[in-house]
Amino acid sequence: MPFVLGNDLVDLSHPDTLNFHPRFPQRICTLSERNYLNLIPPDSPEYIEKLWIIWSIKESAYKACKQYKPGVTGWWNSFEVILERRQVLCFGDFLLNVKTDMGRGGMSGNIPYIHSLVYSPSLSRHQISSGVTWISPDQNPSDAVREFTTSRLLASGRKDGDKTIKWDKENSGAPVLRINHKVLPGRFSFSHHGRFISYACCLTAGIPAKK
């Protein structure tokens, strides 16, 4: 299996995160995930956080699997999150590693969010570049996340007149970055929710050859 990478973001201040359908947990969670959630008082802040952590990991895993098999389909219970092992089982077939962060941002710096990464076991966390930022209401999230990623990966970003920078998409829908008309080899994943945007990236050049 080639290396894969997915990320997802949840703005915990967004109305969707609080006003979800009562059967939402049953629809997206496996039995073991529901048993895990049932140990937490319903409607408590911890329950809400854990539910959306599970969701964001499944979303990240789906994006990662699409990089491996662009035509892959599956219900949410095709992904089983194993929080205590920091892994997610995909289609009952293979495991991917998980890293989830709880953070805060926004103009006042106190808006909570969840950011999840899902990636191949052959990768280590330090090989992955990622980031989350807050955008203004007048910004287009799709444009903003590309600008944010470019600025983080290239010190001079779009201001460097010697670089021609263009974003495309793979058949899977995953982002592809072209610099001076050449594809930058690696994996990219974008996400946005509410007023937050995020990216994750792992460049092939940063992966040691297998012995």
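Entry 1. I looked up the contacts of L51 (contact means heavy atoms within 4.5 Å) and found F20, F24, P25, I28, C29 and L37, leaving aside residues up to four places away in sequence. I note that this is a predicted model, in which local features need pLDDT of at least 70, side-chain atom pairs count only at pLDDT 80 or more, and totals for chains, interfaces and linings use all residues. Residues are numbered from 1 along each chain as its sequence is written, and side-chain values use heavy atoms, with hydrogens and water left out.

Entry 2. I then turned to nonpolar cores, sets of buried Ala, Val, Leu, Ile, Met, Phe, Trp, Tyr and Cys residues joined through side-chain atoms within 4.5 Å. Buried means under 20% relative accessible area, with a 1.4 Å probe and protein chains only. The largest core has 30 residues, and L51 is among the six that touch the most other members, with W52, V88, C90, L96 and V118. Elements supplying at least two residues each include helix 2 (24–28) and strand 5 (111–119); helices (H or I, at least four residues) and strands (E, at least two) are DSSP runs numbered from the N terminus. Helix 4 gives the most, 11 residues. A second, separate core has 14 residues, among them F188 and Y199.

Entry 3. I examined strand 11 (residues 196–203), where 7 of the 8 residues are buried. Strands pair if DSSP finds at least two bridges between them. Strand 10 (residues 186–193) runs antiparallel to strand 11 over 8 bridges, and H193 has F196 as its bridge partner. Strand 6 (residues 129–134) is also antiparallel to strand 11, with 6 bridges, and V132 stands opposite S198.

Conventions:
Buried means under 20% relative accessible area, exposed over 50%, partly exposed in between (1.4 Å probe, protein chains only).
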